[in-house]
Structure formats: structure tokens, C-alpha cells
Amino acid sequence: MSVPAILLTVFLSIAGMELFAWWAHKYIMHGWGWGWHRDHHEPHDKKLEKNDLYAVTFGTIVFGMFAAGYVWSDLLWWVAFGITCYGLIYTLVHDGLVHQRYWKWVPKKGYAKRLVQAHKLHHATIGKEGGVSFGFVFAQDPAKLKAELKRQREAGEAVVRESAGA
């Protein structure tokens, strides 16, 4: 593969993963896979969560993609590389910045602040029903997310924590 084709493949894989992550988070993790994801939404002082099993599962799949790509397809190998890049971005942004599993820094402005606010609003619901902001790298305007949470609460679609301000 040419360098431009590799770069395009990696970029599209990263962008595609944000779409897949949104879908998997909304329909798997907040659906039939809630058993693994639930502890991520509940207070605890453990270093590991059942939710981390998603990273192990997806990492195992990508390992298989790297192996198959090595043997049969450069394209598949570079897609796996792009997915791995997304995983690194995810762990730095979601686990590191938002949930402060690796360091303690609260952004005061800019897109990093918006990411933190959007994900905190995602955690504003109690239980798996309803909710906002299911992506991990793209963050909507927090004011719009608060309005949506308020609508969901009033419609009986979600139980929203009082501290959410929605």
C-alpha cells in the first residue's frame, strides 16, 4: 500500500471506530451488555471494572485482525492499526481525562472541558435507560445535552440524578 492509502485507511478506521463506539455503547453496553457496563456507572473504589472486559474483548478481536492482516491483507493490518490508535485515544481521553484513572487534571476551557462535561452528562442517568453522549471523542454542546436529559426526564424515559442540573 502507498503511504497516502495507509494514512487514509488509518484515518477512516479511527473515524469509523467513533461511529462503532457510539453504536456499541448505546445498544450493547446500555442494552444486553449492561451487566459488564453497569459498574462503570456506579460509584466504587476499585482499580478495575467489569466494564474493562470490553477492552479485553475488542483488543482480542483486533489482535486477530493484526494476525490475519499480517498473513493475508495489508489493508486489514492497517485497519487494525487504526482501531488500535482509536483505542489509545479512547483510553487517554475517556479513562485518563474524563474518569481520571491515570492522572488528576480537570480542564478549565476548550474541547477537553467539553469532552469532560459531555461524558459527565452521560453519567447523569441512573440505570441503562435514556442518556446522552454515547460517543467518546466527539462531544456535543453540553447545553443541548442538558436539554435532552431534561426532555427524557419529563417524558419518563430516564431517571436523571439531581446533581446533573437537567
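## Close-up views of a predicted model

**View 1. Helices α4 and α5 cross at an angle of about 75°.** Helix α4 (residues 74-98) packs here against helix α5 (residues 110-122), with an angle of about 75° between them and their axes 11 Å apart. Angles of 65 to 115 degrees count as roughly perpendicular, and α4 and α5 are therefore roughly perpendicular to each other. From α4, the residues that make the contact are Val93, His94, Leu97 and Val98. From α5, they are Ala112, Leu115, Val116, His119 and Lys120. Sorted by class, this contact of α4 with α5 has 6 nonpolar, 2 polar and 1 charged residues. Please keep in mind, in this view and the others, that the model is predicted.

**View 2. Tryptophan 23 and tyrosine 27 form a tilted aromatic pair.** The structure holds 12 aromatic pairs, and here is one of them: the rings of tryptophan 23 and tyrosine 27 sit 6.4 Å apart, centre to centre, with 40° between their planes. Both residues belong to helix α1 (residues 3-32). They are 4 residues apart there, about one turn of the helix.

**View 3. Tyrosine 54 and phenylalanine 58 form a stacked aromatic pair.** Their ring centres lie 6.2 Å apart, and the angle between the planes is 25°. Planes under 30 degrees apart count as stacked, so the pair of tyrosine 54 and phenylalanine 58, at 25°, is described as stacked. Both residues are in helix α3 (residues 52-72); because they are 4 residues apart, about one helical turn separates them. Tyrosine 54 is buried, with 7% relative accessibility, whereas phenylalanine 58 is partly exposed, with a relative accessible area of 28%.

**View 4. Ring pairs build a cluster of aromatic residues.** Which residues do the ring pairs link together? The cluster consists of Phe20, Trp22, Trp23, Tyr27, Trp36, Tyr54 and Phe58.

**View 5. Histidine 123 is buried in a loop.** This residue is found in the loop between α5 and β1 (125-126). Its relative accessible area is 14%, and so histidine 123 counts as buried. What does histidine 123 touch, leaving aside its neighbours within four places in sequence? Its contacts are His40, His41, His99 and Arg161.

**View 6. The UniProt annotation "transmembrane region" covers three stretches listed here.** According to the unreviewed UniProt entry, the annotation covers residues 6-24, 53-72 and 78-98. Residues 6-24 are 100% helix and 0% strand in the model, and the C-alpha atoms at the ends of this span lie 26 Å apart. Residues 78-98 are likewise 100% helix and 0% strand, with 28 Å between the end C-alpha atoms.

View 7. Glutamine 100 is not a glycine, yet its phi is positive, about 50°. This residue lies in the loop between α4 and α5, the two helices shown packing in View 1. Serine 133 is not a glycine either, and its phi is about 55°. Look for serine 133 in the loop between β1 and α6 (142-155). With a relative accessible area of 11%, serine 133 is buried.

Notes:
Residues are numbered from 1 along each chain as its sequence is written. This is a predicted model: local features need pLDDT of at least 70, side-chain atom pairs count only at pLDDT 80 or more; totals for chains, interfaces and linings use all residues. Side-chain values use heavy atoms; hydrogens and water are left out. Axes are lines fitted to C-alpha atoms, for helices over the stretch in contact, and angles run from 0 to 180 degrees between N-to-C directions. Angles under 35 degrees count as roughly parallel, over 145 as roughly antiparallel, 65 to 115 as roughly perpendicular and the rest as oblique. Contact means heavy atoms within 4.5 Å. Ala, Val, Leu, Ile, Met, Phe, Trp, Tyr, Cys and Pro count as nonpolar, Asp, Glu, Lys and Arg as charged, and the others, Gly among them, as polar. Rings of Phe, Tyr and Trp (its six-membered ring) pair if their centres lie within 6.5 Å; planes under 30 degrees apart count as stacked, over 60 as edge-to-face and the rest as tilted. Buried means under 20% relative accessible area, exposed over 50%, partly exposed in between (1.4 Å probe, protein chains only). UniProt positions are given in the numbering used here, feature names are shortened, and annotations may be inferred rather than shown by experiment.
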